[in-house]
Amino acid sequence: MRTPLAVFFLACVLLSGTPLGGEAQTYTCLPDTAEKTQILRDDIVSLVTATDSETVATRSAYQLPAVAASKVTVVTTASVCRKAGAAYHAAVTPPGTPPIARTLVVIKVGTTRYVVLDPTERAGEFENHIVFDSRWNRLIGFS
Amino acid sequence: MTRVLCAEILTGCVIAAGLIGCREPTRPQASMSRTDSATIRDANARLQSINAPLDRQCIGSATGSCAMTLTPAAYFCDGLQCSIWGVPQQQNPITGTFPKPVYQLIVGMDGKFYCSGMYGTVTVFNRSGAQVEERGFTLDDPSDCGEDNITCCATDTLQFPGGIGHVVVSPPQPWGDIGASYTFWFDTTRAPTVDSCFTTDELLNQQAMRDMLRAAWDSSNANDIPSNRRELKVWLFEDSTGALVHGLYRDPANDTPCTSFGSPHSLPGVPVAAGHPHPFAPKDTLPANCGYTTPHLYDITKYGGASGQDITAAQNDSLPFYIIDKNNIYAYPLGTTQKNAKSKVRRYPRVDAATGCVLP
């Protein structure tokens with residue numbers, strides 16, 4: 001009986017596409033009502049709609065476009081959250097770091113950018129925001 | 001006793017004094033010009049004070065204990081200088097608590113008391129509740145005593161320069177057929193100690209705060225390569241003499257360019273403010289030893305200069321806090337949250353090209 005059980009267990013692992021403890025690598029999005037979400041959305045809106053030279057320079061450094069506030073949206077679609085989580089994890093950890101579960105703030109800016117934050121991910125005292133393009137290539141981080 | 005007094009009708013006078021013309025609560029040393037709008041504000045303040053709980057809490061039983069919260073609703077202000085008038089007669093000590101520390105307290109006593117008696121005292125306590133001064137009243141006009149051995153007015157000018165959290169006024173003795181009400185004059189903010197480059201921030205107008213921020217910046221290796229820079233914690237304290245002093249606290253084993261862990265082993269006074277340097281300019285690339293695997297830029301847009309963790313720490317400490325980076329000083333008042341930080345923060349350029357002012 002030992003061999004069939006082991007095979008069954010291995011098959012389960014392979015089919016689920018997850019290693020042991022696979023729940024620990026789920027990526028979900030915070031809702032748009034969460035305070036962390038609202039703070040980041042408001043920040044991005046102020047960045048992409050600003051006209052003063054200082055903020056425009058910051059926007060440029062962050063590789064964000066100038067768009068209307070209505071083009072800044074909170075993403076909660078599960079499939080996008082999973083992609084955002086995988087891309088974010090790769091961007092903030094050394095290569096080969098095992099995935100961990102993350103609950104993210106994902107903000108879509110226009111049609112070409114995403115800003116992603118895991119509020120629990122820190123570098124020193126700073127939060128770790130990553131700007132991605134629409135194909136989930138990392139462009140820049142800001143903290 | 002030659003002055004017109006309200007002592008005989010003191011209780012009623014306390015409420016009505018501003019309307020029927022008892023001694024005006026004019027600050028003893030100051031003569032202040034008032035604009036029309038200031039006059040209107042004063043009038044509103046008088047009405048507010050009449051309606052405020054202050055006037056009722058200690059009236060009715062002159063022999064009972066008397067403890068009042070001296071709420072700003074009872075203040076009668078001209079700019080930053082305020083008074084509370086009509087603190088009523090009471091045979092026992094009167095305790096008044098200020099919700100926010102006040103400065104340069106003067107207590108005036110109006111009433112009818114014996115020149116040969118004791119005029120009472122004022123005891124003041126700092127914001128942590130420690131007694132910092134006790135001083136007796138002195139007669140405003142000893143020549144007023146005359147044959148009746150009674151006078152009306154005395155003043156107690158406290159010398160403690162720091163923040164006063166509460167005050168205890170002991171009445172004149174012997175009590176007998178006498179009584180007195182009190183007026184408090186005070187400043188709601190600490191007087192500036194810098195002589196130039198004034199800001200809209202009370203503490204940033206203190207030389208001790210500027211010294212603290214300068215010391216923090218100079219200690220952060222801000223001109224070294226990014227990986228060698230270090231945050232450190234600083235606090236501003238009010239010592240037992242009321243003076244502001246600062247302390248710098250490092251944790252060499254754990255401090256990095258992006259965080260700091262130092263804390264005082266013993267407090268040199270009451271903590272008044274916290275702060276630390278961010279040894280970078282906005283949009284600088286933060287070094288890898290902050291914990292980054294990819295380049296990150298130092299951001300001041302989201303919270304206005306502080307990190308979210310800074311804000312949470314200051315909330316826990318219930319202190320205003322200050323961040324200094326290469327370009328600016330960021331002042332966060334009490335009550336700052338991550339949500340409201342951008343609207344609460346006041347940013348002061350360290351070098352103001354328009355005015356020529358240079359801050360630490």
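Strands here are DSSP runs of E of at least two residues, helices are runs of H or I of at least four, and both are numbered from the N terminus; two strands pair if DSSP finds at least two bridges between them. In β15(B), L297(B) is the bridge partner of F142(A).

I noted that this is a predicted model, in which local features need pLDDT of at least 70, side-chain atom pairs count only at pLDDT 80 or more, and totals for chains, interfaces and linings use all residues. Residues are numbered from 1 along each chain as its sequence is written, and chains are lettered from A and ligands numbered from 1 in the order in which they are written.

I then looked up the contact between the chains, which takes 23 residues from chain B and 23 residues from chain A; two residues are in contact if their C-beta atoms, placed from the backbone, lie within 7 Å. On the side of chain B that touches chain A, β15 (296-297) and α5 (308-317) each supply at least two residues. The most comes from α5(B), with 3 residues.

I turned next to strand β10 (residues 179-187) of chain B. It is largely enclosed by the rest of the structure, because 8 of its 9 residues are buried (20 or more other C-beta atoms within 10 Å of a residue's own, C-beta atoms being placed from the backbone). Strand β3 (residues 81-87) of chain B runs antiparallel to β10(B), joined by 5 bridges. Strand β4 (residues 94-114) of chain B is also antiparallel to β10(B), with 8 bridges. I found Y182(B) opposite V87(B) and opposite M109(B).

Technical notes. A residue is buried if 20 or more other C-beta atoms lie within 10 Å of its own, exposed if 12 or fewer, and partly exposed in between; C-beta atoms are placed from the backbone.
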